[in-house]
Amino acid sequence: KQWYQTQSTGNDSMDLILNTISAPHKLRTYLGLLRTNGTLVQLGAVAVPMDLVNFALIPQRKSIAGHWWGLKSLQECIDFCVEKDIYPDIEVIDAGRVDEIFINLASGNSSGVRYVLDIEASF
């Protein structure tokens with residue numbers, strides 16, 4: 001099986017997920033990927049309330065944490081990037097390409113591309 005196929009079964013295989021999504025989305029999609037005592041760290045600031053059923057966390061002691069480096073620091077970074085014309089190279093991929101991307105990342109990702117996995121389009 002390819003990596004994404006084992007993940008799509010919700011087989012509790014990840015210890016940590018760094019969630020950078022800042023748009024409204026379904027956390028339960030990702031919580032099913034966490035193993036017992038796993039943690040999802042929410043890095044993207046979602047501006048609206050998000051639904052969460054506690055029972056998705058309690059039986060396996062899963063956790064959701066957050067990190068905020070502060071609006072001032074973030075704004076300084078964004079301003080610097082705009083001033084210097086620095087923008088990320090991204091490529092949105094579906095889960096069918098995850099194995100290929102892992103190989104690319106393991107070999108150093110010489111292109112420097114940030115890959116964004118589109119979960120909803122993948123399954």
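The legends below describe close-up views of a predicted model.

In this model, local features need pLDDT of at least 70 and side-chain atom pairs count only at pLDDT 80 or more, while totals for chains, interfaces and linings use all residues. Residues are numbered from 1 along each chain as its sequence is written, and side-chain values use heavy atoms, with hydrogens and water left out.

View 1. Lys-62 lies in the loop between strand 2 (34-42) and strand 3 (63-66), where strands are DSSP runs of E with at least two residues, helices are runs of H or I with at least four, and both are numbered from the N terminus. Lys-62 counts as buried because its relative accessibility is 9%, buried meaning under 20% relative accessible area, exposed over 50% and partly exposed in between, with a 1.4 Å probe and protein chains only. Residues up to four places away in sequence aside, Lys-62 touches Asp-12, Leu-31, Gly-32, Leu-34, Arg-35, Gly-38, Ala-56 and Leu-57, contact meaning heavy atoms within 4.5 Å.

**View 2. The largest nonpolar core.** Ten residues form this core, namely Met-14, Ile-17, Leu-27, Tyr-30, Leu-31, Leu-33, Leu-34, Leu-40, Leu-57 and Ile-119. At least two of the core residues come from each of strand 1 (14-19), helix 2 (28-31) and strand 2. A nonpolar core is a set of buried Ala, Val, Leu, Ile, Met, Phe, Trp, Tyr and Cys residues joined through side-chain atoms within 4.5 Å. Beyond its neighbours within four places in sequence, Leu-40 has contacts that include Ile-17, Asn-19, Ser-63 and Ile-64.

**View 3. Tyr-87 in its loop.** Tyr-87 is placed in the loop between helix 3 (71-83) and strand 4 (90-93). Tyr-87 counts as exposed because its relative accessibility is 54%.
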